[in-house]
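Please look over the sequence and the structure shown below before reading on. The briefing that follows takes up salt bridges and then a sheet.

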Amino acid sequence: MDASLIPGTAVLLIVFLFTLWAFRFHQRRTRLPPGPRPWLFLGNLLQKDVLPLFNTYTKVRHKRYGPVFTIWLGTKPMVVICGIEAVKDALITHNEEFGGRPPVPILDQVTKGFGLISEHEKWKMVRRFTICTLRNFGMGKKSMAERISEETHCLVEKIASFKGYFIATVSNVICSVIFGNRFSYEDKKFTELLEILEAFVTFFVSLPGLVAFKNGPLCTSTSKSTLPNIMNFLPGPHKKIFSDCKKVCDFIRYEVDTHKETLDPENPRDFIDCFLLKLEKEQNSSIICMEDLVMSVFQLFIGGTDTTSSVISYALVVLARFSDVQVKIQQEIDEIVGANRAPSMEDRMKMPYTNAFVHEILRILRITNENFPRMTTQDVNFRGHFIPQGTAILPLLVSMHFDPLHWEDPENFHPSHFLDKKGEFQKKDAYMPFSAGKRACPGEALADMELFLIFSILLQHFTFELIIDPEEIDLETLYMEKRAVSKAVSRQAACLTHRF
């Protein structure tokens with residue numbers, strides 16, 4: 001071949017391959033519900049009128065696409081479902097079809113696909129076992145409420161120094177279930193583990209985590225993104241984060257080995273003991289293994305620590321911002337509980353305003369579940385749209401919580417959203433902070449108890465006040481920067497005074 005023809009041939013080949021890719025990309029788009037036009041290769045990632053969804057979904061939905069539309073993160077599609085009717089239809093009526101979970105590469109880097117959060121079929125067995133065991137150890141029961149109360153009183157003793165003990169308090173509740181004991185707030189190993197978990201979650205919700213690792217979760221299980229694999233060979237903060245997570249897993253393995261040496265089959269002490277007994281009972285089965293135990297504990301450790309502690313820190317700033325709300329809660333505590341005993345779960349039905357406050361905090365948080373989308377387990381026709389098997393699905397819970405058809409003033413914080421005309425607590429169908437269906441949060445009952453008891457006990461003892469101008473606090477962005485919330489509470493936003 002004439003050497004002078006090589007450059008032209010190479011250009012033609014590139015143009016041909018690009019045209020072929022663009023044609024196939026267009027074919028994929030036409031198979032899915034319509035949505036905002038994506039850019040080549042980038043999808044909708046850099047389009048501010050599309051992402052982040054918690055800010056833009058109303059415009060996208062009402063523009064012309066309706067409650068079911070497709071966005072693209074890079075070259076990977078995700079079908080978004082908005083509104084109470086559509087979301088409940090997907091999560092409850094079609095719970096089997098929308099019950100899959102796409103790979104989550106940033107988590108798989110640590111867990112290797114083992115444990116609770118998995119796209120493999122065994123997740124159902126591990127989930128059923130986990131929920132059953134948590135219930136056996138008191139989740140949703142009086143014994144768990146007593147643990148939470150005891151731990152919160154430990155917090156009360158420490159909180160005057162305001163050094164960020166919220167995360168340790170919440171973590172100790174789940175630690176008492178999975179490890180069988182709590183840790184001292186001054187325990188250096190415990191503090192190190194919490195710092196590692198916080199750094200991991202911070203990276204998980206960061207832009208580098210989104211671009212480098214969250215592009216992968218939106219792949220099908222048969223077509224995983226190569227970018228997470230490339231990131232393994234590149235320097236960056238993710239290298240230290242994953243290395244530190246190995247320390248957490250090594251700590252868990254040490255705890256598992258210790259439990260094995262002292263295991264009493266007749267008296268299981270905690271989640272690890274129960275899992276070891278299950279492994280022993282099913283030793284001839286290859287469905288679950290020791291790594292499922294280790295990674296399930298890792299996932300419970302994160303899930304039972306980070307989110308609830310961040311919500312508490314955020315809520316205390318909200319209480320300081322809305323002093324009238326705080327006064328009403330304290331008046332209710334004084335009337336129902338008084339100062340001589342601790343609030344209990346039995347008091348909740350007699351404390352409608354406090355109960356409403358907890359629910360409103362979870363409603364007002366502008367967070368989405370984009371970190372853990374669902375996935376179709378089979379081809380499905382949903383509300384006039386064909387969605388292929390293996391497609392990532394995002395039931396947008398925030399679209400329910402800010403729907404003006406179901407909330408009087410959804411953009412603003414009002415505990416009265418959960419009160420009837422008589423001031424009694426009322427449930428709302430458009431409230432679903434823990435999701436629903438087969439992949440609903442398994443720790444909902446625990447988080448529900450923690451939030452009510454911790455707020456009640458703290459406000460029984462303390463009043464929280466702002467030390468900065470209230471106009472400087474943007475509640476919408478405060479939680480989205482939640483890694484800094486604890487510092488904001490302790491150093492920049494609020495202080496406390498003893499009530500008694």
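**Salt bridges and a sheet**

The side chains of R383 and D89 form a salt bridge, with N and O 3.3 Å apart; a salt bridge here is a side-chain nitrogen of Lys or Arg within 4 Å of a carboxyl oxygen of Asp or Glu. The model is predicted, so that local features need pLDDT of at least 70 and side-chain atom pairs count only at pLDDT 80 or more, while totals for chains, interfaces and linings use all residues. Residues are numbered from 1 along each chain as its sequence is written, and side-chain values use heavy atoms, leaving out hydrogens and water.

**Salt bridges**

- R383 is partly exposed at 43% relative accessibility, whereas D89 is buried at 16% (buried means under 20% relative accessible area, exposed over 50%, partly exposed in between, with a 1.4 Å probe and protein chains only).
- R348 and D448 also meet in a salt bridge, at 2.6 Å from N to O.
- Because R348 lies in the loop between α15 (323–336) and α16 (352–364) and D448 in helix α18 (residues 444–461), this pair ties together parts 100 residues apart in sequence; helices (H or I, at least four residues) and strands (E, at least two) are DSSP runs numbered from the N terminus.
- By this rule the count comes to 15 salt bridges.

**Sheet**

- Four strands make an open sheet with mixed pairing, in the order β1-β2-β6-β3, where two strands pair if DSSP finds at least two bridges between them.
- The edge strands, each pairing on one side only, are β1 (68–73) and β3 (374–375).
- Strands β2 (residues 76–81) and β6 (residues 392–395) run parallel and are joined by 4 bridges, and V79 stands opposite I393 in β6.
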